[in-house]
Amino acid sequence: MKFKDMKYERPDIEVVKAEMQSHIERLEVAQDYKTAREVFLEMEGLDSHVGTMFTLASIRHSIDTRDEFYDKENDFIDAKGPELAEYGVKWAETMLKTPFRKEFEEEYGNVSFINAEIRSRSFKPELIPLMQKENELTSQYGKLIASAQIPFKDGVYTLSQLSPFKTDADDAMRLEAWKAEGNWYKEHQEELDDIYDKLVHIRDEAGKTLGYENYIPLGYDRMQRNCYDKNDVEKFRAAVVKYLVPVAEKIYKRQAERLGKDYPMSFADNALEFRSGNPRPAGDAEYILKEGDKFYDDLSPETSEFFRTMREGELLDVLSTEGKQGGGYCTGIQDYEVPFIFANFNGTQHDIEVVTHEAGHAFAYWMNRERIPSDCIWPGMEGAEVHSMSMEFFGEHWADGFFGKDAKKFLYSHLASAITFIPYGTMVDHFQHLVYEKPEMTPRERHDTWKELLGTYMPWMRLDNEIPFYADGEGWQRQSHIYERPFYYIDYCLAQTVALGFWAMIQEDRAKAWEHYMAYTKQGGSRVFTELLANAGLKSPFEEETLRGVCEKAAKYLEGFDLTGIS
């Protein structure tokens, strides 16, 4: 079935609540495992259907935030989702108390019970009004970003459409694009500050309502951290500063030499990797998707079937259009057992990475689409990002098809970007910890905090007044995760570390690396993150040796990379 033919119908929330309550009561009085299992599977079906309706509405709203019907449906979900969460927690607590837990764990594993314990301790009915307001504010942020209309040269562009100009090989053009983007954010500074300030205080109140000192423990629970804690993340951040920042700094120093620029460079100059221009796709959106067909056909029978199903079902929406939300994501449409990819192609290297990154998520869903319970289709976000970031490295094998004459540029750029991204992503996480530790900070103090962290994690950025929005420490407001999904971003960094391990394996034996990838992916979310890695023969990013090792291998590869003929 094509995506456009999937029927949306607003769920009757009161009916859903009544059905959920009935399932809870029936599970409480079940006299044997067979009866308890039947109730469990009925609840799985109900949750799948309601989730499908919410997902269809959310996707269609993100495709066009100006659509009045789905805008209203999105508001409805923002308001009613937290109400259903209360019943979801009651169900989780009932599952935790069932005398048939041993039988459930033997058939379905124990992760859903671990996560049920997290859900139980991270919710109280008193949180519902706060959750509703939080949803309202994150939607407000999304609409604001989607509404951007930026005058530039002879046209008007959305933020995504402006992106190619921000990596233009012409220095003046590139700088002007960065300034135009920065000016738009500056013009909306007061609104952006206000939205985030309210979000911080709402989340802080939610944490304290649960008896915590601040929001951070609740934020970790909401991100389903089920096998590591704040101390592990702090150790990882320290390892990034110790091992990775020096490697990234060398990458940018060599870049400055190629461009004929003084080091450190401006934000605009750091965005240009080669004087002749950054790698660009060899064709338009349809060309890229057709090359995606070939890549996934070549990679494995499973990926071939998966990607062709996506294409035939029109389950990719990738063009950047007015009114469309920024960014990209992958989600699952459970009743139809298919994934969906949302993106904003903009003519840059990013477009290819969508076809590998988001499709990595989608493939993981595809391989586990029939898994029960459905909340174990995917692992936590750090585990899920391994699927996507590692698939990007498998995509390097098809660089000639995706990039044509720019293939060599891409192979250098992709690995260099993987290294230089981790300090940025780690800084995003560090910033959020500092913000939620001191929720009373003023907007200006938050900006100053970001600016100070830039000196630690990204010393290659020149902080002058050339582009005030960035130089004033306000650039974090471009990062939607900070507004919408607190503490998400470190997941990318942990996963990128694992993905760099895949990159190293691919250099030695691509077929063997794919075996490890499939061993990891086929597990879905049936184990906690560290167990998923161990079962697939992969190293944990929390071990300092892991980050040190991949840094050494990547640094050696990049230093010896032959850039002859590329300026």
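Why is the sulfur of Cys330 too far from the closest cysteine sulfur for a bond? The separation is 17 Å, the closest cysteine sulfur being that of Cys376. A disulfide is taken as a pair of cysteine sulfur atoms within 2.5 Å, and by this rule the count is zero. Cys493 is likewise in no disulfide, with the sulfur of Cys551, the nearest, 12 Å away. Cys330 counts as buried at 15% relative accessibility, and Cys493 is buried at 0% (buried, under 20% relative accessible area; exposed, over 50%; partly exposed, in between; 1.4 Å probe, protein chains only).

The structure is a predicted model, in which local features need pLDDT of at least 70 and side-chain atom pairs count only at pLDDT 80 or more, while totals for chains, interfaces and linings use all residues. Residues are numbered from 1 along each chain as its sequence is written, and side-chain values use heavy atoms, with hydrogens and water left out.

The largest nonpolar core holds 180 residues, a core being a set of buried Ala, Val, Leu, Ile, Met, Phe, Trp, Tyr and Cys residues joined through side-chain atoms within 4.5 Å. Phe3, Phe104, Tyr196, Met391 and Phe394 touch the most other members. Helix α18 (residues 407-437) provides the largest share of this core, 15 residues. Helices (H or I, at least four residues) and strands (E, at least two) are DSSP runs numbered from the N terminus. Beyond its neighbours within four places in sequence, Phe394 is in contact (heavy atoms within 4.5 Å) with Phe295, Phe502, Ile506, Arg510, Ala513, Trp514 and Tyr517. In helix α5 (residues 111-121), the buried residues are Val111, Ser112, Phe113, Asn115, Ala116 and Ile118. These buried residues of α5 pack against α3 (68-97), α4 (101-108) and α10 (216-222).

Strand pairing requires at least two DSSP bridges between two strands. Leu316 has Ile341 of β5 as its bridge partner, and Tyr329 stands opposite Phe342 in β5. In β3 (residues 316-319), Leu316 and Val318 form the covered face, and Asp317 and Leu319 the uncovered one. Strand β4 (residues 329-333) is mostly covered, with four of its five residues buried. Four residues lie between the strands in the hairpin of β4 and β5, where Glu337 takes a positive phi near 55°.

Most residues other than glycine have a negative phi, and most peptide bonds are trans. Positive phi values occur at Gln224, near 60°, and at Glu314, near 55°. Gln224 is in the loop between α10 and α11 and is partly exposed at 26% relative accessibility. Glu314 lies in the loop between α14 (301-312) and β3 and is partly exposed at 37%. Cis peptide bonds, with omega about 0°, join Tyr263 to Pro264 and Ile372 to Pro373.

The largest pocket contains about 360 Å³ of space. On a 1 Å grid over the protein atoms alone, a pocket is an open set of points where a 1.4 Å probe fits, with protein on both sides within 12 Å along at least five of seven lines; lining residues have an atom within 4 Å of a point. Grid points are joined across faces, edges and corners, and the volume is the space filled by probe spheres set on the points. Of the 18 lining residues, Gly501, Ala504, Met505, Lys539 and Lys553 are the closest to the centre. Helix α22 gives the most to the lining, with seven residues.
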